[in-house]
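Hi,

Here is the model I promised to pass on.

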Amino acid sequence: MVSEELVARLNDGGYKNWLKAGRCLLILKGGLHPVTSKHMRAFHRDLLLHNPVLQTQCHTAACRPRGNKFSMACRVCTEWQTVILRHHRHPGASVNWDNCVPPQWRTDYWEVAKAYMPRGQGKVKGADQCDASALLNLINFCDCFHSVDTKYVREVIRYRNELMHSCELHVKDEWMKHYRMTLKRFIQQFSHVPQMERVGRDIDEMLTVDLSVCVSGLDKVDSIQFDAVHEGASSTDLIGQWEAELLREKLQELLHDDDDDDENMKDSEPLKRLSGFLQANRDLGARFSAELQTINSLQDRK
């Protein structure tokens with residue numbers, strides 16, 4: 001049986017748009033997982049092949065970054081740092097070196113990849129653990145993705161940020177039209193990759209389907225074929241699952257921002273509003289009870 005709160009949310013046009021747009025990001029990141037892994041594995045192999053210094057193992061425990069600072073490094077890790085910056089499309093930009101474990105650069109291609117990503121990737125061990133933002137930033141900043149026009153990457157990043165930073169969790173129909181075209185142009189950059197063609201079709205389907213729940217039945221959604229249908233799971237169950245995934249990503253991002261703000265100067269209003277939204281929906285409040293306790297603890301400390 002579908003909860004009354006979910007029925008109300010899926011019959012709210014602006015929220016439904018937000019949810020569908022977010023679902024497209026989940027579909028997109030699934031397609032980008034194998035693409036980014038393949039590119040970075042080949043990139044890492046090529047770096048080692050053409051630079052004998054990089055083939056040497058780091059034996060010092062001193063090679064540990066602090067935030068975006070990485071100055072106390074051995075000869076090998078310093079060379080890795082130089083090479084990573086050489087292949088950064090914006091070498092003057094701030095690099096989140098603490099995403100990485102430098103002594104592992106020689107053996108783990110994904111530790112190299114994380115240097116081109118937003119902060120908070122320290123515990124991530126592969127592309128399949130990354131969200132869309134991390135993978136899009138990797139493609140934008142690392143020049144091994146030379147066949148991709150970064151103009152289209154930055155457009156997707158901008159729309160993604162507008163979506164995930166929306167305090168209202170609502171987007172308008174006009175925004176959705178531009179978003180759809182932006183995703184299409186980006187995906188066309190990977191026209192040679194079969195799985196990305198499938199991603200494009202799945203995104204088109206998601207953006208055209210009506211997720212409204214029939215209140216009379218409380219268990220029907222407009223016809224959509226979910227590729228990830230689990231045995232015994234209804235369409236509304238699946239919608240609830242990826243709604244939770246989107247909200248969890250938004251929560252983690254806000255909590256990370258709040259935690260990084262040592263002087264408490266950052267506006268905590270988005271976190272308060274999201275907390276209020278979760279508490280106002282009993283089903284979500286129960287699902288995110290642990291996160292709500294964390295938010296309350298943060299507010300108490302302030």
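Let me start with Arg 248, which comes out as partly exposed at 29% relative accessibility. Bear in mind throughout that this is a predicted model. The side chain of Arg 248 meets that of Glu 291 in a salt bridge, at 3.8 Å from N to O. That pair links distant parts of the chain, with Arg 248 in helix 9 and Glu 291 in helix 12 (residues 289-301), 43 residues apart.

Helix 9 turns up again in another pair. Lys 29 makes a salt bridge with Glu 245, and their closest N and O atoms are 3.2 Å apart. Since Lys 29 sits in helix 2 and Glu 245 in helix 9, this one ties together parts that are 216 residues apart in sequence. Are the two partners buried or exposed? Lys 29 is buried, at 14% relative accessible area, while Glu 245 counts as partly exposed at 35%.

Asp 210, at 33%, is partly exposed.

There is also a network of salt bridges, linking Arg 9, Glu 243 and Asp 283. How many salt bridges does a search of the whole structure find? The count is 15.

Now for the packing of helix 2. Its axis and that of helix 5 (residues 132-141) come within 9 Å and cross at roughly 45 degrees, which means helix 2 is oblique to helix 5. The crossing of these two helices is left-handed. On the helix 2 side the contact is made by Leu 25, Leu 28, Lys 29, Leu 32, His 33, Thr 36 and Met 40; helix 5 brings in Ala 132, Leu 135, Leu 136, Leu 138 and Ile 139. By type, the contact residues split into nine nonpolar, two polar and one charged. Note that Lys 29 shows up here in the contact with helix 5 as well as in the salt bridge with Glu 245.

Cheers

Terms used: Residues are numbered from 1 along each chain as its sequence is written. This is a predicted model: local features need pLDDT of at least 70, side-chain atom pairs count only at pLDDT 80 or more; totals for chains, interfaces and linings use all residues. Side-chain values use heavy atoms; hydrogens and water are left out. A salt bridge is a side-chain nitrogen of Lys or Arg within 4 Å of a carboxyl oxygen of Asp or Glu. Buried means under 20% relative accessible area, exposed over 50%, partly exposed in between (1.4 Å probe, protein chains only). Helices (H or I, at least four residues) and strands (E, at least two) are DSSP runs, numbered from the N terminus. Axes are lines fitted to C-alpha atoms, for helices over the stretch in contact, and angles run from 0 to 180 degrees between N-to-C directions. Angles under 35 degrees count as roughly parallel, over 145 as roughly antiparallel, 65 to 115 as roughly perpendicular and the rest as oblique. A crossing is left-handed if the near helix is turned anticlockwise from the far one by less than a right angle, and right-handed if clockwise. Contact means heavy atoms within 4.5 Å. Ala, Val, Leu, Ile, Met, Phe, Trp, Tyr, Cys and Pro count as nonpolar, Asp, Glu, Lys and Arg as charged, and the others, Gly among them, as polar.
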